Amino acid sequence: MRKENSVKRTLFYVSNKISQNLNIPLLLNKRNLNIPLIHPICISARFVVMKTHFLMKSTRTMKAPLNTSFINPSFSFRSSVADVKRLLLKGWSVKVLSLMVVLMGMGVSWGQVNISAGSTVSQNFDGIGATATASLPTGWKIDAVGAARTAGTYSAAVSATVYTGGGGSSIVNSGIWNFGAGANNSGTDRALGGLHASSSNRTVNLYEQLTNNGAGFITSFTISYNVEKYKNGSLAVNEIVQLYYSSDGTAWISAGANFLTSIAPDANTNVPATAPVSTNSITSQTLTQTVAAASSIYLMWQITPISGTSGSSSQALGIDDVSITANGATATNYYSKSTGNLNTLSNWGTATDGTGTAP
């Protein structure tokens with residue numbers, strides 16, 4: 001009995017952690033030795049899920065920790081309440097099923113910014129220094145594109161700046177800039193961006209790759225950043241910075257009006273003695289996009305004129321103080337009633353006695 005209780009506690013712990021981290025509904029059967037029961041679900045290629053046909057009465061033949069040698073990798077279902085419903089309706093017996101998840105090589109990937117549900121990553125670019133050819137932080141890239149309002153690709157973008165400048169310095173060349181706050185480009189407070197003032201460069205794009213290195217889905221992101229102006233511009237139209245996102249770093253989707261910064265033209269093209277000239281903040285805006293474990297999302301900040309093809313006399317703009325929080329969904333636990341067919345959804349509920357909302 002002591003060994004049986006130990007196994008029950010282990011199954012409960014494993015099942016509960018899986019439910020919390022992977023947003024899988026947890027089905028708690030109060031009859032079969034009070035063992036938490038979850039249908040076999042595989043959320044990605046990083047996980048192999050098995051169904052085990054053993055009764056807890058046979059636990060004395062099991063070894064601790066739980067034996068995973070009889071894994072059946074053929075079960076591959078998306079994690080959702082709908083899948084649990086389908087499995088129940090197809091007659092899967094929850095009396096003799098338990099879930100075991102084997103993490104398959106949960107190694108850390110390199111070359112991107114790792115993030116997981118509940119965590120926050122920040123970047124202020126202060127670590128790149130003040131040199132013209134400063135290396136960008138890991139996971140960040142930048143490019144300068146000839147046509148206005150045109151995206152590049154993350155893979156083809158570069159990992160270093162070309163020019164450096166700040167308050168009171170000369171900011172003339174069109175292209176990729178490492179901007180410095182304060183006077184005479186002496187500040188350690190840096191920003192990445194550019195100037196699109198020539199026919200060969202009408203757009204500057206700053207990219208970031210975020211990879212979900214957690215066990216569960218990320219369902220949305222809370223994003224903040226600053227758009228800083230380092231040189232005035234008298235272009236006849238507004239300068240804009242629009243955030244885009246992508247699943248592959250190639251095909252881009254606008255993040256919408258909440259992530260759009262539009263700056264009116266100035267009366268001159270001066271570089272004030274102290275920079276930045278002005279700061280426009282995007283604060284705690286939500287980007288709803290699901291990212292599975294081990295998958296990536298790409299972000300792109302696009303600096304370009306709002307209309308037209310001319311970029312001469314444009315403003316010099318930089319991105320700074322980026323903060324991104326990954327959000328995950330909360331799993332719902334379901335309990336069985338004391339009587340009735342466990343394969344019937346109406347015999348499950350959110351209350352501990354099996355009443356309440358059914359799956």
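The legends below walk through several close-up views of this predicted model. In this predicted model, local features need pLDDT of at least 70, side-chain atom pairs count only at pLDDT 80 or more, and totals for chains, interfaces and linings use all residues. Residues are numbered from 1 along each chain as its sequence is written, and side-chain values use heavy atoms, with hydrogens and water left out.

**View 1. N185 sits in the loop between β9 (175-183) and β10 (190-195).** Strands here are DSSP runs of E with at least two residues, numbered from the N terminus. N185 has 15% relative accessibility and therefore counts as buried (buried means under 20% relative accessible area, exposed over 50%, partly exposed in between, with a 1.4 Å probe and protein chains only). Its side chain makes a polar contact of 2.9 Å with the side chain of T164, and another of 2.9 Å with that of R190. A polar contact is a pair of N or O atoms within 3.5 Å; within protein, one must be able to donate a hydrogen and the other to accept it, and residues adjacent in sequence count only if both atoms are side-chain atoms. Leaving aside neighbours within four places in sequence, the contacts of N185 (heavy atoms within 4.5 Å) include A130, G166, S169 and F179.

**View 2. Strand β12 (residues 220-231) pairs with β19 and with β17.** Two strands pair if DSSP finds at least two bridges between them. Ten bridges join β12 to β19 (residues 316-327) in an antiparallel arrangement, and within this pairing E228 has G318 as its bridge partner. With β17 (residues 278-287), β12 pairs antiparallel over eight bridges; here I223 stands opposite Q285. Eleven of the twelve residues of β12 are buried, so the strand is largely enclosed by the rest of the structure.

**View 3. The largest nonpolar core has 37 residues.** A nonpolar core is a set of buried Ala, Val, Leu, Ile, Met, Phe, Trp, Tyr and Cys residues joined through side-chain atoms within 4.5 Å. F221 and W301 have the most contacts inside this core. Among the elements that give two or more residues to the core are β7 (140-145), β12, β17 and β18 (296-305), while β19 gives the most, with five. Beyond its neighbours within four places in sequence, F221 is in contact with residues including I115, L210, V291 and I324. Another core, of nine residues, lies apart from the largest one, and I171, W177, L195 and A316 are among its members.

**View 4. Two of the aromatic pairs are shown here.** A search of the whole structure finds nine aromatic pairs. Rings of Phe, Tyr and Trp (its six-membered ring) pair if their centres lie within 6.5 Å; planes under 30 degrees apart count as stacked, over 60 as edge-to-face and the rest as tilted. The ring centres of F125 and W140 are 5.0 Å apart and the planes meet at 80°, so this pair is edge-to-face. F125 lies in the loop between β6 (120-123) and β7, W140 lies in β7, and the two are 15 residues apart. Both F125 and W140 are buried. For Y163 and W177, the centres are 5.2 Å apart and the planes are at 35°, so the pair is tilted. Y163 is partly exposed at 26% relative accessibility, whereas W177 is buried at 2%.

Note on methods. Helix = DSSP H or I, 4+ residues; strand = E, 2+ residues; numbered from the N terminus.
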